[in-house]
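Please keep the sequence and the 3D view at hand as you read.

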Amino acid sequence: MSGPDFEAKCINSSDIITILAAEGVQFLLSGEGKVPLSACDGKTTCLFFSANWCRACRNSIPKLVELYETLRRRSEKIEILLISFDHNENEFREHFKHMPWLAVPFDVNLNRRLSNRYHVKHMPSLIPLTSDDQISIEEDLIRLIEDYGPEAFPFTKSRREELKASDAGMLEGGKLQDLLAHNGRDYVISKDGTKVLVSELVGKTIGLYFGAHWCPPCHTFAAQLLEAYNDHHQIASKEQDFEIIFISTDRDLKEFNLSLESMPWLAIPYSDKTRNDLCRIFNIKGIPSLVLIGADGKMVGTNGRAIICSYGAKAFPFTKSKVGELEAALRKEGDALPRQVKDIKHEHLLKLDMAKAYQCDSCKVRGRFWAFSCDVCDYDLHPACIEEAS
């Protein structure tokens, strides 16, 4: 039972009590004992197909508990029924003890019949039912909850479309506060805990840096980003303001603090769900990643990592036209250089090459782009350091 089930399901939840009663189920289980089937009356009821032996199921429970408890505090009419795919009663009880909702009493054959009735193709699977209307579920509800949390309720197609439209509006951009602020938090933080109002960042070019302390490539890119950040701020005028916001994908607060300690820029607080929202909005599939937001609040691009690695601070404000100017200047510079030279400092012929980064073996200064390199040994020279043999 693996792989997402994208088959549309239209289910009327008023059937669930009738179905269970017809199957001989006389009661449901809570953490405190037996409860009547009528406990689901008038509520949006979700069937949770899960098992203790399934790691993905166990991993989904904390997010689902958060959703359930938040909606109950809001007095929303929701109930969840665990339908267990565990191998025996003991495994079922071990699994159920972590859940604040209800469960169908353990019965392997009954649970298999319910799985077939509701076309369950994978685990965990969460199928919402309703006594008032029909809900069409065309995508994995567990994923929807992971993405949107309690805001996904009541899990209808129209609600899903509203959420996606909101994401599209933020992606289109124009309002930095909508992207970075959330639920009364109108600031980002620095590594010493200082709060910087999001309103103070309006009008600046913003880099949203998605990274984590546990990720080795992030350490490498962070060093390149830091170099570009410092280079820009050494020469920038007020009209060229550039700020970076760290969007952590660290596994816990300790790792987040370790990440932030090494950064001179700002961050979204670790406890804030905006971190997850931004990953979803910008479709972040891997780290490190750098999304660039222009001074007008609109997205410049999601390829900031490649731009920084290639051009550093020279590419500011990182627009397509600016990158095009740099590429044209590089081509012109390369056209003016010889294809190969014989330098008096090296025994082999040196050929013109393009390198993102290298260290000149003459002046020992780091170089970018054009270099004269040896095909025989590891030797590189800046074009300016060439002393041609007569």
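The report below covers confidence, a strand, a cysteine, and then the pockets and cavities.

Residues are numbered from 1 along each chain as its sequence is written, and side-chain values use heavy atoms, with hydrogens and water left out.

The protein has an average pLDDT of 88, and 92% of the residues score at least 70; pLDDT is the predictor's confidence in each residue, from 0 to 100. Helices (H or I, at least four residues) and strands (E, at least two) are DSSP runs, numbered from the N terminus.

The pLDDT is below 50 over residues 1-14, a stretch with 45 contacts in the model beyond near neighbours in sequence. Residues 131-138 also have pLDDT below 50, with 30 such contacts. Contact means heavy atoms within 4.5 Å. Where pLDDT is low, the predicted coordinates should not be read in detail.

## A strand covered on both faces

Is strand β5 buried or exposed? Seven of the seven residues of β5 (residues 78-84) are buried, so the strand is largely enclosed by the rest of the structure. Buried means under 20% relative accessible area, exposed over 50%, and partly exposed in between (1.4 Å probe, protein chains only). One side of β5 carries Ile78, Ile80, Leu82 and Ser84, and the other carries Glu79, Leu81 and Ile83.

Strand β4 (residues 44-50) pairs with β5 in the parallel sense over seven bridges; two strands pair if DSSP finds at least two bridges between them. Thr45 has Glu79 in β5 as its bridge partner.

## Cys309 and its surroundings

If you work with cysteines, look at Cys309 in helix α11 (residues 304-311). Cys309 is buried, with a relative accessible area of 16%. Leaving aside neighbours within four places in sequence, Cys309 is in contact with Phe221, Gln224, Lys356 and Arg368. Its C-alpha atom is separated by 8.6 Å from that of Ala357, 48 residues apart along the chain.

The largest pocket holds about 690 Å³ of space. Its lining has 20 residues, and the closest to its centre are Glu146, Thr249, Arg275, Asn276 and Cys279. Helices α2, α5 and α10 (274-281) each give two or more residues to this lining, and α10 gives the most, with four. By class, the lining has five nonpolar, six polar and nine charged residues. Ala, Val, Leu, Ile, Met, Phe, Trp, Tyr, Cys and Pro count as nonpolar, Asp, Glu, Lys and Arg as charged, and the others, Gly among them, as polar.

About 300 Å³ lies in the second largest pocket. Of its 19 lining residues, Tyr311, Lys314, Leu330, Arg368 and Phe369 lie nearest its centre.

On a 1 Å grid over the protein atoms alone, a pocket is an open set of points with protein on both sides within 12 Å along at least five of seven lines, a cavity is a set where a 1.4 Å probe fits but cannot get out, and lining residues have an atom within 4 Å of a point. Grid points are joined across faces, edges and corners, and a volume is the space filled by probe spheres set on the points.

## Cavities

The structure holds two cavities of 30 Å³ or more. The second largest cavity has about 40 Å³ of space and is lined by Ser60, Lys63, Leu64, Ile142, Ile145 and Glu146.

Terms used. This is a predicted model: local features need pLDDT of at least 70, side-chain atom pairs count only at pLDDT 80 or more; totals for chains, interfaces and linings use all residues.
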